[in-house]
Amino acid sequence: MIPELFGDFLAYQIGLYLIYGIAAQGIGFLWGKTGVLPLGQALFFGIAAYLTAITLRAGNGLVLDLFLAAAVLIAISVFAFALAALIFRGRNESGPYFSLITLALVMIGEQIAGTATDLTGGFNGMSGYPSLGNIDLFDGYYYVIVAATVVVSLLLFVLNRLPANLVARAVADNEPRLQLLGFPTHVVKGAAFALSAAIAALAGGLFASHQGIVTPTSMGFGLSAELVILTAVGGRIHVLGPLIGAVIVGWASAELRDSFPYWELCMAVAFILVVLKAPGGIAELLETAYRHIWPERVGRQPGYIAAPPTKSAGLTGPLRFEDVHLKIGVVRILNRVSFETPAKGIVSVIGPNGAGKTSTLNTVTGNLRVTSGKIVLGEHAIDSRPPYMALHSGIGRKLQVPSVFFSMSVSENLAIAMMANRARLVDLFRPSTCQWRSRSLSGMLAHSSVPLHEGIVQPVEHLPQGHRQFLEFAMTIAAEPQVLLLDEPCAGLSSDETALMTNLVREYQADTGGLVIVIEHDMSIVEAISDKVIVMHLGQVLAFDTFEKVRSNPDVQAVYAGGTK
Amino acid sequence: MTALLEIDMLTGGYRDTNVLFNVSARVDAGSVLGVFGRNGVGKTTLARLVQGSLIANKGDIRLEGRPVGALPAHVRRERGIGYMPQTSMVFDDLTVRENLNLGRNREAPDRYFERFPRLAERLDQPAGTMSGGERKILAFARAMIEDTRLIVLDEPSEGVQPENIEHMAECLKDRAEAGAAIVLCEQNLTFLTRISSWYLGLDAGSVVLDKPAAEVSVVELRSILSL
Amino acid sequence: MSPVLVLNLAWQICTLALVALGLAIVFGKLRIMNMAHGEFVMIGAYAPVITSSLGLPDWLTIPVCLLTVTFTAFVLERLIIRHLYGRMFDSLLATWGIAILLREAVELIFGRGYQSVSPPLAGTLHVLGADYPAYRIAVVIGIIAGFAALYWWNTRSRVAIRIKAMVGNPELAEAIGINTARLSAGAFVFGCVTAGLAGLILAPTIRIEPMMGLDYLVRSFFALVVGGLGSLEGLGIGAGIIAGTQSLLGAIANQTYGYLAVLTLSILFLWLKPDGIRSSSR
């Protein structure tokens, strides 16, 4: 409606702000969900803008132009995916290094664009080409931009409703946990980065046609930073936030920049205030105000549907350590560890603090790479597999300090756990996947004394440590691993809660007929649940036998007395 | 005589949500207050309110009669309140030696190396590379050697092998006999009953038991801890 | 290599190390991604301009520089930075805002145009068979001496450990009696003051203008990335590699290649060795 109401020139300007807004939406998606902050989005924006300019100059006709545009979008997505996946592979956090790499890349891009005169027109840029399909820039083209904005926004809104959104948020929340649930997080981040890059490229293509000139600044650090600012001011969480930011900031700058000398100062102050006081940006302020007037209706909890069976791991059988050594720096953590567990049953690992119990489990899940030796599950060596492969090998893990998705509710935590080892790629894009519930999980939650209430919508960071123990246990068994590794599941639990937890462990083992390995200090628990006991001391296996024999072993008595709560 | 620590009608929690309601208690020098209760009843909140990383919304905390409830944590430490948190209890990036020497200490850690020889072996290793139980022990030793008069400990026994829990109990007894007051938030009844001279039982943020140890039976303790 | 090239290299490496020192403290230690670091260099470089515009004698330049930068850094830390510890990306954004703020403020006061100042030491010295500006030689010697003193102090002082403890676990640091508010403010202001001093030292050799900070910021970041956060040796190595690559390639081929080589090198380090060459503890 803008052209009719306010004239073509304003529409032309708003069109430009929307273009920036689209690119910022891509940043908002990546940053708001996965916590990865891209500082070089102008690289994709600029590449697409230059390629569009070159294509339009060639005058191929609209059909071929659109076809080429699609090809460019795909190529940029593939490049961005490969870049992010490669850089994030083997890591489990999104520290500043990736942001700095994107920053360096955009600076390289800007430098090349400015000096490769034959290709890009150098400092003066490229101009003098027709617009896309020869649409009138001051009239019809505005609607093209609006259409693109609507399409991108709808796409992001739909994504918000899908299980994939939960997975993306889980990356930012607790990446190591997501890996242990079997998600290759570098692929998730790669895909999110690819989408944000494609959106930036789309904006860049629209920009080239809209402005009729492309210069190195379209591919520069300055533009990258500005896009991030627009995203932050508008709000990175809400889909429309970056658009709001781009239009408001763009329009206000155009109106005030020349008439008000302190404009830039005020902008800087406003920006700092947003970062400090309103991390959700303008969009969140608007939403809060809106919710004040029209409170959100508390939706009826959607029913559950039976989860599909887990993917068969194919790997079961005894877990065997063959002469495993582990050194970190100069410190010897594990020293000639060899043992073979039975194929099923409950095995307890005991030993003094610092004996290497947790490290042993870490080598099984791939969180630590063994220095030498072999770890075999059934017939397959698993010692060189990364953590996200552990669950595919049939290994589930509960960590020592309960590791859950702290910013999410109990039911969101469980929903992600239900996807683990079950969801195929297509399931991540089906809303019903969030309603999956397996019988064994329902069974556990039905225990009246299990302190997990799905009605609680608050993030689980407010749960006490002991309740998080139960949540993490529930999440771990939701994937129904054949081999369950539990690291001090009863730490911080009262004696009644301890009894409940040991019952749950026993029930799980009986139901699945698999192998459970438990690290535990409380000898009464160890005695009650163990088929076999491994005693570790100074990184070595001191004894491996039944509880009775271990207890009467003089070597064991010398280093470990034991006791009960 | 005023107690070393007096807590008077304390109400507080995280931001606007109160977790504790009108909790009062007193600890004399040389005695051990065993604070217990199920998960989520407010033990950690009480520990943090006394130590200063949380500020109470209502009520008073007095150390030797002087109010400390509004002071920041580092000033309370200077007044003599030591603290061992439940989680993140050591400086992961610092070595064991640096962890032990960072604060203002009353004694060298040597005495504790006899009871916890593991610490002596790992002096130059970053604390973050140690196991969970070892970190608890390091944090405990650090809390012991500081020149404090009141020591607040939040679940020190979690993940620690039973033998070392024994050692912890002995160390705490020694400190109490040397005149320190101890606030011990624990779930481990064996540990708790070994050294507490007074019990403070919490449920849903309120005091449900406040008696000298001699008057409390283990059955009574268990009934408060049960689900 | 010609003697002038060697001397230029020494000058480039020393000044970059000094410029990056403050960022090594603020980013490396306090974990604040200070995008306004270059602006503190800029303010320091304006100190002679401020001094003369206030009509003060030249010998007051250094106090004016210290006062201006300390005051600016302290106010910003109390108002803004102290909310940002432990929030790295937010610190990046907010300090980007601060950078714009400082640039605009300086532009409003002194205008957009270039300023220049003359060095306090004129003339040249004959070193290594070449004539080289005496001021630059004095600065190189001064910086090397300064770093040696800092290194000596750092091995003795417990401040570095206390800062590391505070950043790693602020709540526990408070609990053992560290006044974290004072320590972090002190470290931030110290880092900014070294940047300001670097600006003051560079002032006679460059064109002073409000936008000059960005280049120093970028090169400091890359020096830290290559050298590794957190150690003085790493800082020296990083500055050596970045300044060395840039000036050598700049001399052999041209500036663009030098710049591209530095960027490529940084990307490789960030990707393959994100802890830098020296990721060591202190």
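Biologist: In which loop of chain B is B:S88 found?
Modeller: Start with the elements: helices are DSSP runs of H or I with at least four residues, strands are runs of E with at least two, and both are numbered from the N terminus. B:S88 is found in the loop between β6 (81-84) and α3 (96-101) of chain B.

Biologist: What kind of model is this?
Modeller: Residues are numbered from 1 along each chain as its sequence is written, while chains are lettered from A and ligands numbered from 1 in the order in which they are written. Local features need pLDDT of at least 70, side-chain atom pairs count only at pLDDT 80 or more, and totals for chains, interfaces and linings use all residues; this is a predicted model.

Biologist: What is the phi of B:S88, and how exposed is the residue?
Modeller: Phi is near 45 degrees, a positive value in a residue other than glycine. For exposure, count the other C-beta atoms, placed from the backbone, within 10 Å: 20 or more is buried, 12 or fewer is exposed, and in between is partly exposed. B:S88 has 15, so it is partly exposed.

Biologist: Which loop of chain C holds C:R31, and how exposed is the residue?
Modeller: C:R31 lies between α1 (3-29) and α2 (37-53) of chain C. Its phi is positive, about 60 degrees, although it is not a glycine. It has 17 C-beta neighbours inside 10 Å, so it counts as partly exposed.

Biologist: How many residues of chain C are in contact with chain B?
Modeller: Contact means that the C-beta atoms of two residues, placed from the backbone, lie within 7 Å. Chain B brings 18 residues, and the number from chain C is 13.

Biologist: Which helix of chain B gives the largest share of the side that touches chain C?
Modeller: That share is four residues. They come from residues 73-79 of chain B, helix α2.

Biologist: How many charged residues are on that side of chain B?
Modeller: Ala, Val, Leu, Ile, Met, Phe, Trp, Tyr, Cys and Pro count as nonpolar, Asp, Glu, Lys and Arg as charged, and the others, Gly among them, as polar. The side of chain B that touches chain C has seven nonpolar and five polar residues, and its charged residues number six.

Biologist: What is the strand order of the six-stranded open sheet in chain A?
Modeller: Strands pair if DSSP finds at least two bridges between them. The pairing in this sheet is mixed, and the order is β9-β11-β12-β6-β13-β14.

Biologist: Which strands stand at the edges of the sheet?
Modeller: Look for strands with a single partner. One side of each is therefore left without a neighbour in the sheet. In chain A these are β9 (395-398) and β14 (540-545).

Biologist: How do β11 and β12 of chain A run, parallel or antiparallel?
Modeller: β11 covers residues 483-487 and β12 covers residues 515-519. In this pair, A:V483 stands opposite A:L515.

Biologist: At what angle does helix α20 of chain A run to β12?
Modeller: Axes are lines fitted to C-alpha atoms, for helices over the stretch in contact, and angles run from 0 to 180 degrees between N-to-C directions. Helix α20 (residues 495-512) lies across β6 (345-350), β11 and β12 of chain A. Its angle to β12(A) is about 160 degrees.

Biologist: Which strands of chain A does helix α19 touch?
Modeller: Helix α19 (residues 465-478) packs on the sheet, and its direction makes about 175 degrees with that of β9(A). The strands touched are β9 and β11.

Biologist: What is the radius of gyration of chain C?
Modeller: The radius is taken over C-alpha atoms, and the globule rule is 2.2 Å times the number of residues to the power 0.38. Chain C holds 11 helices and two strands. With 282 residues, a compact globule would be near 19 Å; chain C agrees, at 19 Å.

Biologist: What share of chain C is buried?
Modeller: The C-alpha trace of chain C spans about 60 × 50 × 35 Å along its principal axes. Of its 282 residues, the buried share is 52%.

Biologist: How far apart are the C-alpha atoms of A:E454 and A:P261?
Modeller: A:E454 lies in the loop between α18 (439-446) and α19 of chain A. The two residues are 193 residues apart along the chain, and their C-alpha atoms are separated by 55 Å.
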